[in-house]
Amino acid sequence: MLDTQVTKAPPSLLYMVKQVELVVRSHLDELVRPSGITALQYTALTVLERHDGLSAAQLARDSFVTAQSIADLVRSLETRGLVRRERNPRNRRELLILLTEEGRALLAQHAGPVRELEERMVRDLTAHQTEQFRQALTRAWHALS
């Protein structure tokens, strides 16, 4: 009897990235659910925290959602008092989306648990490996953007 072992190819990087995205989103949804928001809404709030005063199109791109989805998402966040919209002084036809103090408070409330989730994700990596991972993800994102 021949001992032939079939070597399975490792999963594709795209598959692995998607696995990480799904498990992170699941955990993030669990973390923010008590505040009445979703992981996608939380992501949009963090985008505004870094770049306040974005148009809906810019926020959609930076939050990885469609223009239609961002309209519903912003409406929901605005109803909750977490964001507000105001006219762009340079282009009166455009509305800018801004984070409110309530939105900032909600992000501050979740900062620790979210940081712990990220630390858990990379806990088996050294600080150097974590930085390399961050750089590799950034380069991969730029390559496809």
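User: How do you know how confident the predictor is in this protein model?

Analyst: The model is predicted, and the mean pLDDT of the protein is 93. On a scale from 0 to 100, 97% of the residues reach 70 or more. Confidence is lowest in strand β2 (residues 91–99), where the mean is 92, and highest in helix α5 (residues 101–121), at 97.

User: What makes up the fold, read along the sequence?

Analyst: The protein contains 6 helices and 2 strands. They follow one another in the pattern α-α-α-α-β-β-α-α.

User: Why is the protein called more spread out than a compact globule?

Analyst: The globule rule gives 15 Å for 145 residues, whereas the radius of gyration is 19 Å. The value is well over the rule, and the protein is therefore more spread out than a compact globule. Along its principal axes, the C-alpha trace spans about 75 × 30 × 30 Å.

User: What share of the residues counts as buried?

Analyst: A residue is buried when its relative accessible area is under 20%. Of the 145 residues of the protein, 28% count as buried. The accessible surface comes to about 10700 Å², and carbon and sulfur atoms account for 56% of that surface.

User: How do you know that the buried residues of α3 line one face of the helix?

Analyst: Helix α3 (residues 56–63) has L59, A60 and S63 as its buried residues. Viewed down the axis of α3, these residues fall within an arc of 100 degrees, so they line one face of the helix. Their cover includes α2 (39–50), α4 (67–79) and β2.

User: Why is F64 called exposed?

Analyst: The cut-off for exposed is over 50% relative accessible area. F64 has 63% relative accessibility, and therefore counts as exposed. F64 is placed in the loop between α3 and α4.

User: What makes the phi of F64 worth noting?

Analyst: Most residues other than glycine have a negative phi. F64 is not a glycine, although its phi is positive, at about 65 degrees. This residue comes just after α3.

User: Which residues does the UniProt annotation "domain: HTH marR-type" cover?

Analyst: According to the unreviewed UniProt entry, this annotation covers residues 10–142. In the model, that span is 68% helix and 11% strand, and its end C-alpha atoms lie 24 Å apart.

User: What share of the contacts with a separation of 6 or more comes from residues 24 or more positions apart?

Analyst: A contact requires heavy atoms within 4.5 Å. Among contacts with a separation of 6 or more, residues 24 or more positions apart account for 48%.

Methods: Residues numbered from 1 in each chain as written. Predicted model: local features only at pLDDT ≥ 70, side-chain atom pairs only at ≥ 80, totals over all residues. Heavy atoms only, no water. Helix = DSSP H or I, 4+ residues; strand = E, 2+ residues; numbered from the N terminus. Buried < 20%, exposed > 50% of the residue type's maximum accessible area, 1.4 Å probe, protein only. Arc of directions from axis to C-beta. UniProt positions renumbered as here; feature names shortened; annotations may be inferred. Rg over C-alpha atoms; globule rule 2.2 N^0.38 Å. Areas by Shrake-Rupley, 256 points an atom, 1.4 Å probe, with all protein chains shown as cover.
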